[in-house]
Amino acid sequence: QVQLVESGGGLVQTGGSLRLSCVVSGYIFSNYVVAWFRQAPGKEREFVAGINWSGVNTKYAASVKGRFTISRDNAKKTVPLQMNSLKPEDTAVYYCALDTIGYRTFPKELAHEYDYWGQGTQVTVSS
């Protein structure tokens, strides 16, 4: 059974930092893209960052580029998302997702490309 479990969310002030973690179990993690998405109240789920199977290629949404960093540890089956210089507009539930098409060179940005999802972790940035 495939499981993705996010952790690390919380309440932080504007300009602060958080480090989210996604742990994947029940799948051959190292062959596949993992991405982070977020969904704010009343808004659609949006792509935040993704990393390919080898960790060489990453992609970021324009709104987070230069502030967020995605990485992966294939041995530990984890995908951290380091979030710095947080803004109130970063407030959302953050989800990690697994794409089961193997060996993609670059992450996809559309939610329907991903087959497995975690339960989400809340990030709230106060102004």
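Two strands pair if DSSP finds at least two bridges between them. Helices (H or I, at least four residues) and strands (E, at least two) are DSSP runs, numbered from the N terminus. With that in hand, take the hairpin of β4 and β5, which has six residues between its strands and, in the turn, Gly42 with a positive phi of about 75°.

Before going on, the provenance. This is a predicted model, in which local features need pLDDT of at least 70 and side-chain atom pairs count only at pLDDT 80 or more, while totals for chains, interfaces and linings use all residues. Residues are numbered from 1 along each chain as its sequence is written, and side-chain values use heavy atoms, with hydrogens and water left out.

Back to β5. It is antiparallel to β4, with five bridges joining the two, and Ala35 has Gly50 in β5 as its bridge partner. On to β6, residues 58–60: three bridges join this strand to β5, again antiparallel, with Ile51 opposite Thr58. β5 and β6 also make a hairpin with six residues between them, and here the turn residue with a positive phi, about 85°, is Gly55. Buried means under 20% relative accessible area, exposed over 50% and partly exposed in between, using a 1.4 Å probe and protein chains only. Five of the six residues of β5 are buried, so the strand is largely enclosed by the rest of the structure.

Next, β3. It pairs antiparallel with β1, residues 3–7, over five bridges, and Ser7 has Ser21 as its partner. With β8 the sense is also antiparallel, over six bridges; Val23 stands opposite Thr78 there. The covered face of β3 is Leu18, Leu20, Cys22 and Val24, and the uncovered face is Arg19, Ser21, Val23 and Ser25.

Cys22 lies in β3, residues 18–25, and Cys96 in β9, residues 92–98, so the pair ties together parts that are 74 residues apart in sequence. The link is right-handed, with 65° about the S-S bond, and both cysteines are buried.

Now the packing. A nonpolar core is a set of buried Ala, Val, Leu, Ile, Met, Phe, Trp, Tyr and Cys residues joined through side-chain atoms within 4.5 Å. The largest has 30 residues, and Trp36, Leu81, Met83 and Tyr94 touch the most other members. Strands supplying at least two residues each include β3, β4, β8 and β9. A second, separate core of six residues includes Val33, Ala35, Phe47 and Tyr114.

Contact means heavy atoms within 4.5 Å.

Which residues does Asn31 contact, leaving aside neighbours within four places in sequence? They are Trp53, Gly102 and Tyr103. Asn31 lies in the loop between β3 and β4 and is buried, at a relative accessible area of 17%. From Gly55 it is 24 residues away in sequence and 10 Å in space, C-alpha to C-alpha.

Last, two charges over rings (NZ of Lys or CZ of Arg within 6 Å of the ring centre and within 35 degrees of the ring normal). The charged end of Arg45 sits over Tyr95, 3.8 Å from the ring centre. Arg72 lies over the face of Phe29, at 4.4 Å from the ring centre.

Terms used. Disulfide = S-S within 2.5 Å.
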